[in-house]
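Subject: Structure handover

Dear colleague,

Please find the structure below, with the sequence alongside. My notes on what was found in it follow.

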Amino acid sequence: MAAAADKSRNSPDTKDATATPRRSLLVTALIALLAAGAAGGAVWYFTQGKVEAAVKSSAPAKPAPAQYFALDPAFVVNLDSTFDGPRYLQVEVQLMTRDPEAVAALQTHAPAIRARLLMLFSQVQVEQIADRAGKEKLQAEALAEVHKLMSRETGKKSADELLFTSFVTQ
């Protein structure tokens, strides 16, 4: 009976022979799984920076904050009006820029800017600024004068916009 019991039990030599191929298969599978995970992680790591860069480059850049420079006091000029006596124009002007260095340049050249704008405003006829289109045209001409002067003096336009903050004709 002891011999029968021994035959039903696997001998140590038989157990090791079947376990070795299973262990080597299991170890090989684990190594393959780890290698695949490492490869996937590497791909994710190296492409993540490119995806973030692509997202950042496709997003519109936020402009620098606007800074305003007031040309004080208000401009007051006689308008060219021959049919109904003297007429006046009073305009308050502010220049807008997004360049912090430009504010200092505008302040330095403010007297020259004022002189050019006074000459421009004094040439205006009442009929030219009677409607919105005329006022916008005058605004564009005034900005062009500022750009010409600042380009000549500093090499930059300096002002992004010229704004009329008060506009009174009488």
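Of the 170 residues in the protein, 24% are buried. Please keep in mind that this is a predicted model. The secondary structure comes to 5 helices and 3 strands, and along the sequence these follow the pattern α-α-β-β-α-α-α-β.

Nonpolar core

As background, nonpolar side chains in soluble globular proteins tend to be buried together. Here the largest nonpolar core has 28 residues. Those with the most contacts inside this core are Leu71, Val93, Leu95, Ile113, Leu117, Phe121 and Leu162. Two or more residues each come from E1, strand E2 (87-97), helix H3 (100-108), H4, H5 and E3. H5 gives the largest share of this core, 6 residues.

Aromatic residues

A pair of aromatic rings is described by the distance of the centres and the angle of the planes. The count for this model is 3 aromatic pairs. In one of them, the ring centres of Phe75 and Phe121 are 5.3 Å apart with the planes at 85°, so this pair is edge-to-face. Phe75 belongs to strand E1 (residues 67-79) and Phe121 to helix H4 (residues 110-122), so the pair ties together parts that are 46 residues apart in sequence.

The angle counts as edge-to-face because it is over 60 degrees. This pair links helix H4, which holds Phe121, with strand E3 (residues 161-169), which holds Phe164; the two residues are 43 residues apart. Phe164 has a relative accessibility of 18% and counts as buried, because the cut-off for buried is under 20%.

Phe75, Phe121, Phe164 and Phe167 form one aromatic cluster. Phe75 has a further neighbour in Arg114, whose charged end sits over the ring of Phe75 at 4.3 Å from its centre.

Largest pocket

Rolling a probe the size of a water molecule over the atoms shows where empty space is left. The largest pocket has a volume of about 150 Å³. Its lining consists of Leu120, Gln123, Val124, Gln128, Ile129, Gly134, Lys137, Leu138 and Glu141. By type, the lining residues divide into 4 nonpolar, 3 polar and 2 charged. Helix H5 (residues 132-154) gives the most to this lining, with 4 residues.

Gln139 lies in helix H5 and counts as partly exposed, at 22% relative accessibility. Gln139 and Leu162 are 23 residues apart in sequence, and their C-alpha atoms are 6.7 Å apart in space. Leu162 is among the residues with the most contacts inside the largest nonpolar core.

Glu136 is also placed in helix H5. Glu136 has a relative accessible area of 39%, so this residue is partly exposed. Between Glu136 and Leu163 there are 9.8 Å in space, C-alpha to C-alpha, and the two are 27 residues apart in sequence.

Backbone points

Most residues other than glycine have a negative phi, and most peptide bonds are trans. Two places in the model are worth a look on that account.

Which residues does a cis peptide bond join? They are Asp72 and Pro73, and omega is about -5°. Pro73 lies in strand E1, the strand that also holds Phe75.

The other place is Ser158, where phi is near 70°, a positive value in a residue other than glycine. Ser158 sits in the loop between H5 and E3. With a relative accessible area of 11%, Ser158 is buried.

Regards

Key. Residues are numbered from 1 along each chain as its sequence is written. This is a predicted model: local features need pLDDT of at least 70, side-chain atom pairs count only at pLDDT 80 or more; totals for chains, interfaces and linings use all residues. Side-chain values use heavy atoms; hydrogens and water are left out. Rings of Phe, Tyr and Trp (its six-membered ring) pair if their centres lie within 6.5 Å; planes under 30 degrees apart count as stacked, over 60 as edge-to-face and the rest as tilted. Buried means under 20% relative accessible area, exposed over 50%, partly exposed in between (1.4 Å probe, protein chains only). A charge sits over a ring if NZ of Lys or CZ of Arg is within 6 Å of the ring centre and within 35 degrees of the ring normal. On a 1 Å grid over the protein atoms alone, a cavity is a set of points where a 1.4 Å probe fits but cannot get out, and a pocket is an open set with protein on both sides within 12 Å along at least five of seven lines; lining residues have an atom within 4 Å of a point. Grid points are joined across faces, edges and corners, and a volume is the space filled by probe spheres set on the points. Ala, Val, Leu, Ile, Met, Phe, Trp, Tyr, Cys and Pro count as nonpolar, Asp, Glu, Lys and Arg as charged, and the others, Gly among them, as polar. A nonpolar core is a set of buried Ala, Val, Leu, Ile, Met, Phe, Trp, Tyr and Cys residues joined through side-chain atoms within 4.5 Å.
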